[in-house]
Amino acid sequence: MDGEHVLVVPRAAVLAPPGWHGVRADGVEAVLAAARSAGRYLPRAEVERDPGYKQLIPYLVLRDGARYFLMRRTSAGGDARLFERYSIGIGGHVEPGDGDLLGGLAREWREEIAADFEPRFVPVGLVNDDTTDVGSVHLGVVFVADVAGRSVAIREATKLSGGFADPVAVRAVRAAMETWSQLIFDAFEGGILG
């Protein structure tokens, strides 16, 4: 994290008081516009504890029809808070060389997924959870992509394991999922996101 700069926007530019919790299908264009007009790159170490800013995180839900790409983090990963947690999201911080959220998502795709293609990333919603210290400084822009039967694998197999799972299998591990993944899975299964 030393020296790393990440894309942030002032909280007030993307969340009107008192804010909201969960997943929304509206507001994506406004957040993308705020990133273009008010976004800037600040040291990650500075903004990890400053809720006056929201770090924008592109968060990709990879699908194959009705199935979700379900991953489990190992203890070899970098963040102990996420060890052995499940996730349906691929993504991370946007860095200065990425250009924008889509550029950051494309970089994360190449870093995390082994595939001979790059799918079309479609923005479908936002996720916010101010109930934790980590959540209070991040805002997720939810994207979805369908592999349409094409082969994908996890590139960093020492840090992650996983593959496609039907909704019943995902629901079975829901309690062990990261909060954003829980909220987003519920939103897809409840018809809020499509």
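Predicted model: local features only at pLDDT ≥ 70, side-chain atom pairs only at ≥ 80, totals over all residues.

**Helix 6.** I began by listing the buried residues of helix 6, and they are Trp180, Ser181, Gln182, Leu183, Ile184, Phe185, Ala187 and Phe188. The helix covers residues 179-189, and because 8 of its 11 residues are buried, I noted it as largely enclosed by the rest of the structure. I then looked at what comes after it, and found that helix 6 is followed by glycine 191, which has a positive phi near 85 degrees.

**Arginine 73.** My next entry concerns arginine 73, which I located in strand 5, the run of residues 67-73. When I followed its side chain, I found a polar contact of 2.4 Å with the side chain of glutamate 178. I also checked arginine 73 against serine 87, and noted that the two are 14 residues apart in sequence, with their C-alpha atoms 7.8 Å apart in space.

I turned to aspartate 98, which sits in the loop between strand 7 (89-91) and helix 4. Which side chain does the side chain of aspartate 98 meet in a polar contact? I found that of arginine 107, at 2.7 Å. Leaving aside residues up to four places away in sequence, I listed His93, Gly103, Gly104 and Arg107 as the residues that aspartate 98 touches.

I then went to glutamate 48, which lies in the loop between helix 3 (44-47) and strand 4 (53-64). I wrote glutamate 48 down as buried too, because its relative accessible area is 15%. Its side chain and that of arginine 44 are joined by a polar contact of 2.9 Å.

**Strand 9 and its partners.** I looked next at strand 9, residues 122-128, and noted that it is mostly covered, with 5 of its 7 residues buried. Which way does strand 9 run relative to strand 2 (residues 22-24), parallel or antiparallel? I found that the two pair in the antiparallel sense over 3 bridges, and in this pairing glycine 22 stands opposite asparagine 128. Strand 9 also pairs with strand 10 (residues 138-146), again in the antiparallel sense, over 5 bridges. There I marked valine 122 as standing opposite valine 144. As a reminder to myself when reading such pairings, side chains in a regular strand alternate between the two faces of the sheet.

**The second largest pocket.** My last entry is on the second largest pocket, for which I noted about 220 Å³ of space. It is lined by 14 residues, and I recorded Leu32, Arg36, Asp100, Leu101 and Leu102 as the closest to its centre. The elements that give two or more residues to this lining are helix 2 (28-38), strand 3 (40-43) and helix 4 (101-112). Which element gives the most to the lining? I found that helix 2 does, with 3 residues. Sorting the lining by residue type, I counted 9 nonpolar, 2 polar and 3 charged residues.

Notes:
Residues numbered from 1 in each chain as written. Heavy atoms only, no water. Buried < 20%, exposed > 50% of the residue type's maximum accessible area, 1.4 Å probe, protein only. Helix = DSSP H or I, 4+ residues; strand = E, 2+ residues; numbered from the N terminus. Pairing = 2+ DSSP bridges. 1 Å grid on protein atoms, 1.4 Å probe; cavity = no way out; pocket = protein on both sides within 12 Å on 5 of 7 lines; lining within 4 Å. Points joined across faces, edges and corners; volume = space filled by probe spheres on them. Nonpolar A, V, L, I, M, F, W, Y, C, P; charged D, E, K, R; others polar. Polar contact = N/O pair within 3.5 Å; in protein donor to acceptor, adjacent residues only side chain to side chain. Contact = heavy atoms within 4.5 Å.
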